[in-house]
Amino acid sequence: MSDYQEYLAERDEIDYLIQQGYVIKGVTENLSGAFVEFELPASSMSRGQQQYERLHIKTADARKYFSVLLLKQAQKTG
């Protein structure tokens, strides 16, 4: 898979969780990429959904993408 195709797949995973109502709760970065932790707020929770999700983001472009989303999220709540 090309780097661009991998980025698109990671971006789609992030977008899907955001559309489901998840918010970014934490990021852990290391040499193999970033682990982004998402949490579903209690007000958005419905039966059968998990409350937490964790994605391993490997591409630099996807890391930039979730960083922008995180900044927008912080401005919304700030």
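Predicted model: local features only at pLDDT ≥ 70, side-chain atom pairs only at ≥ 80, totals over all residues.
Trainee: How do you know that the length of α1 agrees with what a helix should span?
Mentor: The 17 residues of α1 should span 24 Å at 1.5 Å a residue. The end C-alpha atoms are 24 Å apart, so the two values agree. Just after α1, G21 takes a positive phi of about 105 degrees.

Trainee: What makes Y4 and Y7 an aromatic pair?
Mentor: Their ring centres are 6.1 Å apart. The cut-off is 6.5 Å, so they pair. A search of the whole structure finds one such pair.

Trainee: Why is this pair called tilted?
Mentor: The planes are 45 degrees apart. Stacked needs under 30 degrees and edge-to-face over 60, so the rest count as tilted.

Trainee: Where do Y4 and Y7 sit relative to each other in α1?
Mentor: They are three residues apart in the helix, so about one helical turn separates them.

Trainee: Is each of the two buried or exposed, and why?
Mentor: Y4 has 51% relative accessibility, so Y4 counts as exposed; the cut-off is over 50%. Y7 has 14%, so Y7 is buried; that cut-off is under 20%. Other buried residues of α1 include L8, E10, I14 and L17. Their cover includes β2, β3 and α2.

Trainee: Which element gives the largest share of the largest nonpolar core?
Mentor: That core has 15 residues, and I14 and I24 are among those with the most contacts inside it. β2, β3 and α2 each give two or more residues, as does α1. The largest share, four residues, comes from α1.

Trainee: What does I24 contact beyond its neighbours within four places in sequence?
Mentor: Its contacts there include V36, F38, F66 and L69.

Technical notes. Residues numbered from 1 in each chain as written. Heavy atoms only, no water. Core = buried A, V, L, I, M, F, W, Y, C linked by side-chain atoms within 4.5 Å. Buried < 20%, exposed > 50% of the residue type's maximum accessible area, 1.4 Å probe, protein only. Contact = heavy atoms within 4.5 Å. Expected span 1.5 Å × (residues − 1). Phe/Tyr/Trp six-rings, centres within 6.5 Å; stacked < 30°, edge-to-face > 60°.
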